[in-house]
Amino acid sequence: MLALIDANHFYVACERVFNPRLEGRPVVVLSNNDGCVVARSPEAKALGLPMGAPWFQCRDLARRHGIVALSSNYPLYADLSARMMAVLGQFSPRQEIYSIDECFLDLTGLERFDPTAYGQAMRRRVQQWLGLPVGVGFGSTKTLAKLANHLAKREPDWAGVCDFGALDAPAQDALLAGLAADAVWGIGPRWAARLRALGIATARDLRDADPQVVRRRFGVVVERIVWELRGVAGLTLEAIAPPKQQILASRSFGRPVAALAELQAAVAHHVARAAAKLRRQHGRAGAVQIWLRPQRDGAASAPPSIAGLLRLAAPSADPAVLTAAATRGVAALYQAGRRYRGAGVMLLELGSAARAQGDWLAPDAAARAAARLAVLDQVNARWGRGTLRLAREGFQQPWAMRQDHRSPAYTTRWAELPVARAG
DNA sequence: TCTGGGGTCCTAGGACCC
DNA sequence: TCTGGGGTCCTAGGACCC
């Protein structure tokens, strides 16, 4: 038995924990650069504000209905996420953190608990300890647990918990028949359209489809979903997160950038962020890929990003080494007179630092570099990210993203701690 | 007229997730 | 004028090996 627990409108819920005035009001949280809507309170959903909508297109609607819009506050969400995962981890020894606001729990061996009551206990504890609303779904496979979680949100009398296996067959059939195929985890709009053309329109149709036909037409991924819907597990719970195979850092600019030095500074900044993530998993990168996103020039189709792959002489997690390569790469891609709207960095060919090969011509170079990086990480852990950085990253950073409606870092910055007053 | 059978590695592209 | 930022897995096809 597996459980899938996720928070409802997680980013909005995090904001409400520290700003109760947002309770009961329509609230949305915007993506980086205040670009589009990435989280909506139920009140905002009820007003018809679509997920993913560009914010500038929603402004009129928002003004008419008094919708509150907030910039993303990732330090806050990441901190509350870590706390939520710790609380939920108390309910099972095996937990897979699947995203910032959801996790799977393996409840094998806990069968003596009534799942529905156990799920209610999870909801109560997260609500009471953190002030976050969560939903819980139980199923014999990951796909069924996901589906149950979805149903728990839809059926008001279930109070946020659904144990799919506890329903009898006719009830399961009726619920699955009421769900479009793309409500199933792993079925996106493309596959849903192709499935519909074959007469497979609902989750029930998909469960009852011929696995061999599905395999021939869609491959093993969709076939596995068919089996998972029948209760045959094809996806395992990954309690230990495997190291990342690629690490990406990218941002749109707050305003268009035309100067080469500014592009190089922005890319150096992304390299620093990506390299810090890489060191956290004790890895090294063998190659760096960078890309620049030119501004649209009126054409209907979006212009391509231009990308360059740079191989390093030896794998590294050193921002100085990686930035040197990236800086040359930017110069090679750069076209004078063009304006760019964003840039990004990807670290590839990741391997473990523990298995890295040394340079016999400079036997102590690796140890010296490691010591330097340790100092870098310690300083930035103590005094804040970016305290110690390459001058190449620049000081003004005029390309930095816009965040016009950001709430304070309530839990991660001393200066921004909330203040409680008596009386 | 008929043209084997078993691999590996790499890249590009497509689909999906939150 | 303004449309995010991360990730994963699978497949197909080409080049190459014996």
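A salt bridge is a side-chain nitrogen of Lys or Arg within 4 Å of a carboxyl oxygen of Asp or Glu. The model here is predicted. A search of the whole structure turns up 20 such salt bridges. Let us visit some of them.

Start in helix H3, which covers residues 55–65. Here Arg63 and Asp60 join their side chains in a salt bridge, 3.2 Å from N to O. The two residues sit three apart in the helix, about one turn. How accessible is Arg63? Its relative accessible area is 61%. Exposed means over 50%, so Arg63 is exposed.

Move on to helix H4, residues 74–88. Arg83 and Asp79 form a salt bridge there, with 3.0 Å from N to O. Is Asp79 buried or exposed? Its relative accessibility is 18%. The limit for buried is under 20%, so Asp79 counts as buried. Arg83 is partly exposed, with a relative accessible area of 39%.

Now go further along the chain. Glu416 pairs with Arg413 in another salt bridge, and their closest N and O atoms are 3.2 Å apart. Glu416 has 26% relative accessibility. Arg413 has 47%. Both values lie between 20% and 50%, so Glu416 and Arg413 each count as partly exposed.

Salt bridges can also share partners. Which residues are joined into one network in this way? They are Asp173, Arg204, Arg207 and Asp208.

Definitions and conventions
Residues are numbered from 1 along each chain as its sequence is written. Chains are lettered from A and ligands numbered from 1 in the order in which they are written. This is a predicted model: local features need pLDDT of at least 70, side-chain atom pairs count only at pLDDT 80 or more; totals for chains, interfaces and linings use all residues. Side-chain values use heavy atoms; hydrogens and water are left out. Helices (H or I, at least four residues) and strands (E, at least two) are DSSP runs, numbered from the N terminus. Buried means under 20% relative accessible area, exposed over 50%, partly exposed in between (1.4 Å probe, protein chains only).
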